[in-house]
Amino acid sequence: MKRYLVLEDGTVFAGTAFGANVEKFGEVVFTTGMTGYQEAITDQSYAKQILVFTNPLIGNYGVNVDDNESIDPQCNGVVCQEVARVASNWRMRDTLGHFLEEKGIPGISGVDTRKLTKILREEGSMKGCLVDSDNKEEALKRISEHDYSGFLAPVVSTTKPYPNPGPKRNVVLIDYGVKHSILRELSARGCNTIVLPYTAKAEDVLRHHPDGVMLSNGPGDPSTMTEAAKMVAEVEKQVPVFGICMGHQILALANGAKTFKMKFGHRGFNHPVRELATGRIMFTSQNHGYAIDPQSIDPAKIEVTHEEINDGVIEGIQLKQYPAFSVQFHPDAAPGPLDAVDLFDKFMKLIDEGKESKQNA
Amino acid sequence: MPKRTDIHKIMVIGSGPIIIGQAAEFDYSGTQACLALREEGYEVVLVNSNPATIMTDNEIADKVYIEPLTVGSLSRIIRQEYPDAILPTLGGQTGLNMAIALHKSGLLDELGIELLGTKLDAIDQAEDRERFKELMQKLGEPVPPSRTVHDVEDAVDFANEIGYPVIVRPAFTMGGTGGGMCANEAELRAITANGLDLSPATECLIEKSIAGFKEIEYEVMRDSADNAMVVCSMENFDPVGIHTGDSIVFSPTQTLSDREYQMLRNCSLKLIRALGIEGGCNVQLALDPNSYQYYVIEVNPRVSRSSALASKATGYPIAKLAAKIAVGLTLDEIKNPVTKKTFAEFEPALDYVVAKIPRWPFDKFVKADRHLGTQMKATGEVMALGRNAEEALQKAVNSLEIDEKDLYCTDLADKSKAEVDDKLAQAQDDRLFYIAEAFRRGYSLEDVHELTKINFYFLDIVKHIVEMEDEIKAHPKDVETLRTAKYYGYADMTIAKLWQVSEEEVRQFRKGAGLLPVYKMVDTCAAEFASSTPYFYSTYGQENESHKSGKKSVIVLGSGPIRIGQGVEFDYATVHSVKALQRMGYEAIVINSNPETVSTDFSISDKLYFEPLTLEKVLDVIDVEQPIGVIVQFGGQTAINLAEGLEEHGVKILGTTVDDINRAEDRELFDEIIKELHLRQPIGKTAMNHDEVIKYADELGYPVLVRPSYVLGGRAMEIVYNEKELEDYLKDNPPATNGHPILVDTYLEGLEGEVDAICDGQHVLMPGIMQHIERAGVHSGDSMAVYPPQHFTEEVKQQIVDVTEKLAVALKCVGIMNVQFIVRGGEVYIIEVNPRASRTVPFLSKVTGIEMAQVATRCIMGESLPEQGYTQVLQPESKAIHVKAPVFSFTKLANVDSLLGPEMKSTGEVMGSDHTFSKALYKAFEGTGIHLPNNGSVLLTIENKDKEAILPLAERFSKIGYRLFATAGTSQFLQEHGLHVVTVAKIGEKDSEELPILDAIKQGDVDVTINTMGHDLSSNSDGFIIRETAIMHNVPVLTSLDTVDALLTSLENRSFATEAL
């Protein structure tokens, strides 16, 4: 079956449909990762986006039950050059096509994704849609009428608190669209985690007597997260805070900084990031369309700790006054390299130090 | 960290002659490294014994020494040059071994010379099996359990410890023969006993079998600041069990989930950090297809064949950066030379699929054991890029230049099921074609997987291609079918076969339907950043990224995969042609399919198209580039073979025209020219059928030289001495196969020589004349050669000049050509003319100082020789004497006869230069690894007809203090002439009191073997067994008495005269 990817600038790519048989709209973004399509598709940070894989061939190893990053992925479409006819891997439980079908996500193959990537690189991320008809005018009209709210936390966040029990430190995690990999890393470190909805206020958080607070990743425009920023501004004074991606941006917003929308973002996992204190460079898994505006940083409050070595984008900060830090990239990887996974250990250390000083106080 | 300022002069050690397992990739890496060091302002001293390389060009290093890679010769150079440091990790295993030997000799410490890059201890730790195991244990990284054993019981004990199945690998056997997989004790006992017997060291390695595991490779880099990264990941189509150099390889990994990928990436980075490698390193891993269990197979602490492949697959120049890291620069301060925007600290992202297929020499060595295992047998490889796996694989197959031009090979249809199954289960070079055949017969993925253990995903790539055959057949001239076929990489040629029309018809139909390829850029970053790399591949997509520039352009065709007869020499000539074009202001565009070489380094040409060298792909590029013409003279027979088709399509072939190329190559036409010019040539006839061959041979009188027309490297060329031998020959080489007749020539024995001449159509330039050491009968590529000639009179030289000049002008040669001749009785006979650059061009260019391919290119582009300043035909001879000697790879291949003949067998060459002929000879022998003691012993095993000839040679050996060993007949003959000879027993001679001949070789009683026994070519002949035994035990074998004479000349020069008064 034919399917079309239409961009807001009028570019139309014809291809073959796979996955769910539905029409969807969204911001069209590309990722350069060469593995990990399953993790990317199920990453809630891609909610409402149409995801383009620059790796020309996906689906090779199917879909398994271990590598999902959410239960109900909210990604609005998958665009690729080619889907493998036969997938093969010992953990495989499903094919990519069938998985997308079940999750209601449309896919299109046979697209010159390199051409598409170059358009997105030059013109910036664009709105677009996956439709079954090549009626361009109609598609463009629908694209322009579609609602692209940047406030996506309600779409992906849990509505009720739930526990992820463990024997050690008490962590409250605020779900802005949390990837399971963050939960996995906390579990691996024995954390007794309680996950709260994005609406959690400071008192909701503190009521659980957390040793540390984790701010998750998530989709959308960080500037819409004013309530969350207010919460963090309170909580950071009391317990160690660790933010990832959206969580990172919220920590910055809570401390007076601003964010801006990047031209086409960082999505992939070959982005080298320098830890400024040591000069150490790590390859990081990234998925962000917004970043912290360096001009907006108050040096009395925020110290930049990490930057991307090529474009200098702020990739990590810490607070001057409080034990709180955050990174723009995903130390939890999945997909991508685990070069920075020790940041979770750093968080544990902060928690332990905090507990100690409380005991000594 | 900024680069080091405490060192100024750096010595780079090259990899020496090309052998199987160590080939052109080190010319590429060495060249890159030298240029990178010079770019940083260091003075570079290069040592390499291989003249046929770009790396040994004057402009690559400040000083170039083409000298044997031995401790002695390197020490002399070091004491002369006093380098501050040596960079040994870019010259393959040879470079590393030399560095280790130099270190052990104490010289480096004595002079305070530092080894750059990876430290010796790290190298040792990576290469010493036991130390490596220890390190892995410390790191908690698993290696397959293994043990070296010297008897069967030990093997059985160990297998009981680790469990079956196990693999037995005998040490140092030819081509790794004698080993095998054992499922139980009985098999283990039998195979180990046999393996120990075959192994010269009576040693076998018993290893836990991980056959069937996925074989994964990572190319990793690390700098002195401990920044480490993965440049490229690769996955072998063939599971563990076949050497990675003999495996079909895809990049990036195709069947690993991110978890598996990251697990192995972490392991690779952990290893490179633990070893403290500064530069590039290759990690080979085996992953269980059914669990997370993996093993580290091997770490190569240097750049390698895989790193060359990874560089071409990603665009990321590993060797260049390894050199910069070695002088202290770090990855985060070096700009990525591809994007020029990002830093070198960047893991490339690919947006295409890469397929590599090895190129094996079994078209030459038809009797060789073609089974693939742990010993690499391929001489070269091809790479292809596509936007899907089918496309990449099909393009790679099209690039191979073997009899099978594509996967659709119908001649397997008559093979029995047993044959097909055996070919699937016991991998040989042609397994891919049998996999296709199996699917054609309806085998399921499961069936084929069961036999091959190849992953379903990979198998389905082939299955998909085969399924499309029916689809294409069923829809002749259907645009949509064609579109799909092209999208999945079907060549026009294959579609033509399926549609039963001509390739030209498909091309016209395709173009008429608007189905044209587009060209995509290789940019390391999957288009995330703007880039302007001039490196492209074709695909059937929507956007073309390669556009004609405003400049006048010329396309230079490369020579494809390296194989016997067409080696790195042709890449050398290609690169030089490109340089000349650029200097003349043209845009030089290269098309080639070989990932190992300098010509496919995108920084060499103005534009590189990584494409199969097929008519379709070349014409497609021409359609886009609209060059003023194409140069075919430098890409070996590969490029020459494309000339006619290109011209038929209206493409201008620059230089010698297609008609004139044809006049040189077509026997009848060439004979006419010889007659017109009143030149001499051995009488020859062209036979169209079996009876004619026999008749002509009778007329000419035996021995005769027979060969099919249009051949390279003397393929299927033989000297036959009687009708029976001729009948045997014709059985293997039926006349008029592929429309090519059989040539029958009188076999003239005499001094052989050759020249490479440049001609602008009117004037001729001959930089020099080369004399072959071996008389006619040994292929010119396997002969030693000397410049200037040592045994040609002035009168003969003048004849050679006259003959060559006449031929060049008569053939209307514009560019370069090669003439081979025999001198007999003071007369020059022409044997053949090749209307293209030959394999001697780099050698002759280097020894005469005339960049021949560049001068020829200028002629091709219309600049006459006088305009270039050449007014004299034969240039003055140099004072120094230069000897070129062939190098062979016999130890890598079983069942290949080392007896030299008209069919070429060598894989590489070395050069020895000095002020006297004997010293130059000595160095040449040293370069090839023939190092003889002052007082040694020689085994003489010769045919009856050579008895008279051996006498003076035996006397000379005796005179310099060598002991003579021979079998009864020869021994008696020599003793009759007053020589002392140790008699050894013939093979199979029972109850003899003499030492059996093979034991004499095995025990190390002889230092060199001379063996001319070979006219009965069956591989069972005693001569063959003697030669093979000697090669296996590292005893040099000489099969031509002329080589022996040369060797004696070099030995005598070292020796004092001892004569009684």
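**Reading B:Leu700 and chain A**

Visitor: Which residues is B:Leu700 in contact with, leaving aside its neighbours within four places in sequence?

Guide: Two residues are in contact if their C-beta atoms, placed from the backbone, lie within 7 Å. For B:Leu700 the partners are B:Ile683, B:Val744 and B:Thr746. This is a predicted model: local features need pLDDT of at least 70, side-chain atom pairs count only at pLDDT 80 or more, and totals for chains, interfaces and linings use all residues. Residues are numbered from 1 along each chain as its sequence is written, while chains are lettered from A and ligands numbered from 1 in the order in which they are written.

Visitor: Where is B:Leu700 placed in chain B?

Guide: Helices (H or I, at least four residues) and strands (E, at least two) are DSSP runs, numbered from the N terminus. B:Leu700 belongs to helix 25 (residues 690-700) of chain B.

Visitor: Is B:Leu700 buried, exposed or partly exposed?

Guide: Count other C-beta atoms within 10 Å, placing them from the backbone: 20 or more is buried, 12 or fewer is exposed, in between is partly exposed. B:Leu700 is partly exposed because it has 18. In chain A, 59% of the 361 residues count as buried.

Visitor: How is chain A divided into domains?

Guide: Domain bounds come from an automatic or database domain assignment. Here they give domain 1 (2-145) and domain 2 (153-360). The contact takes 23 residues from domain 1 of chain A and 22 from domain 2 of chain A.

Visitor: How many helices and strands has chain A?

Guide: Chain A has ten helices and 21 strands.
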